[in-house]
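Subject: Structure handover

Hello,

Here is the structure for your files. Please have it open while you read the notes below.

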Amino acid sequence: MRSVSDLLRRIRPIGLLVLIALVLAFPQLAPDAFILSVGVVIMSYAVLATSWNFVGGFTGYISLGHAAYSGLGGYATALLITRADLNPWLALLVGAVLVAALAIPIGIASLRVRGASFVIVSIALVLITLLVFQSWGSVTGGSHGLRVPRPFGEDVLRPEQHERFFYLHAALLAIALLCWWIIDRSRFGAGLKAIREDEDKAQSLGVPTFAYKLVAFVISALFTALGGGLYALWFGFLDPVFQFSILAGSYLVLMSLLGGIRSLFGPLLGAVVVGYAVEFFKNQYGDTQLHLVALGVLLAAVVLFMPDGIIPAVGAQLRKLRPQATSIREISQADLAAQRTPEEAAR
C-alpha cells in the first residue's frame, strides 16, 4: 500500500511537466488555423474559469455575473486604446485595474447577501451592464459593436496571431494558477475555506469574513478583466450581447463544477471539456441551440453523479488505495517479548 502512495506522490510533478509540455507544443501540433483558434478559445475559458474559482472555490459564493467583469475588461481595454491612445498592453493592465477598483463597491454591496440572493444580484449586474453598453452607443458602439485594434502589425498573419495569443493566455493562466495555489496554502486561504464551510462559525472564531470575501472578490474580478481584455485584443471585436451574457457566466460555473471547484486544476480540466464541446457543437450544428441542450445534460450529470467534480472524485478513489491509519499499533507477541527489560522478564 505504501508503494501506491509513494507512486502517486511521484506522479504529480511528472503529470505537471507533461501538462506544461502539451500546452507549449499545442500550436505546433495543431493541424490548421481553425483548431489553433479553438485552442485560444479554450485557453481563454480556462483563464476565466480559474478567475471565477477565486470566489466560487474559496468562499462557496456562486456568481453567474462574472461575464460582467470579463466584458468590462474587454471594453476598458478597447476604449483606452481607441479613446486615450494607450499602448495595447498598457491599456490591458490599466483596464483590469479599473475594473478591480469598480469591483470594490460592487463587492461591498453584493457580498452582504448569501445563497440565492447573491446569485440574483450577480445576474442583475450582468443585465445592468448589458443595458448600459447597448444604450451608450456614442462611446461603446452600442448594438453595432466596437472594433478593437490588434496589438500586432499587419505583417503578422492570422495563424501567427493565434499562436501568440495562445501563449499569452497560457502565461496569464499560469499566473492565475500560481496565485490560487499560494492563497490555498496561506492563512488567508484557510480563512476563506472556513467561510465556505460555515461562515457564521468562522466569524465567531474571529475570521474577518467580510474583508476576506471582498479581497477574494476583487482578485477574481482583476483576473477576469485581464482575461476579457486579452480575448478582446485577440478577437478584435466587441458586442454587448455576447460580452455581457448570463450564458457565458453559466459556462464558467459549469467548467469549475465539472473539474472541481476545490482543486487547483479543476477549472482548467472543465474548460477543456466544456470549451471543446461548445466549439464542436457550434461547428457541427451552426446557429442551432443544440449545444445548450448538450451542456444542460452535462451539467445535470455532473450534479447527479459527481457533485464535487472530476478531480475530487478521482482523488477520493485514489485515497482508498492508501493504507488506513489505525489508533492501535499492531504488534506480535515475539516483538512484545523482545521489547521487555530483563527485570520485567524475571518477574
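Predicted model: local features only at pLDDT ≥ 70, side-chain atom pairs only at ≥ 80, totals over all residues.

Residues are numbered from 1 along each chain as its sequence is written, and side-chain values use heavy atoms, with hydrogens and water left out.

Salt bridges

A salt bridge here is a side-chain nitrogen of Lys or Arg within 4 Å of a carboxyl oxygen of Asp or Glu. The count by this rule is eight. One of them joins D200 to R114, with 2.9 Å between the closest N and O atoms. D200 sits in helix α9 (residues 199-204) and R114 in the loop between α4 (88-110) and α5 (115-135), 86 residues apart. Helices are DSSP runs of H or I with at least four residues, numbered from the N terminus. Another salt bridge pairs E199 with K213 at 2.8 Å. Because E199 lies in α9 and K213 in α10, this pair ties together parts 14 residues apart in sequence. R114, E199, D200 and K213 are linked in a network of salt bridges.

For accessibility, buried means under 20% relative accessible area, exposed over 50%, and partly exposed in between (1.4 Å probe, protein chains only). E199 is buried at 9%, and K213 is buried at 5%. D200 is partly exposed at 47%, as is R114 at 39%.

Second largest pocket

A pocket is an open set of points on a 1 Å grid over the protein atoms alone, where a 1.4 Å probe fits, with protein on both sides within 12 Å along at least five of seven lines; lining residues have an atom within 4 Å of a point. The second largest pocket holds about 660 Å³, a volume being the space filled by probe spheres set on the points. Its lining has 25 residues, and Y45, Y231, F242, E279 and K282 lie nearest the centre. Helix α2 gives the most to this lining, seven residues.

Surface patch

L16, L17, L19, I20, L24, F265, L269, V272, V273 and I311 make a nonpolar surface patch of about 760 Å². Patch residues have over 30% relative accessible area and no salt bridge, and nonpolar side chains (Val, Leu, Ile, Met, Phe, Trp, Tyr) are joined within 5 Å. Areas come from the Shrake-Rupley method with a 1.4 Å probe. Helix α1 supplies the largest share, five residues.

Residue pair

W180, in helix α7 (residues 158-184), is buried at 3%. W180 and T50 are 130 residues apart in sequence, and their C-alpha atoms are 8.3 Å apart.

Regards

Terms used: Patch = residues over 30% accessible without salt bridge, like charges linked within 9 Å, V, L, I, M, F, W, Y side chains within 5 Å. Helix = DSSP H or I, 4+ residues; strand = E, 2+ residues; numbered from the N terminus.
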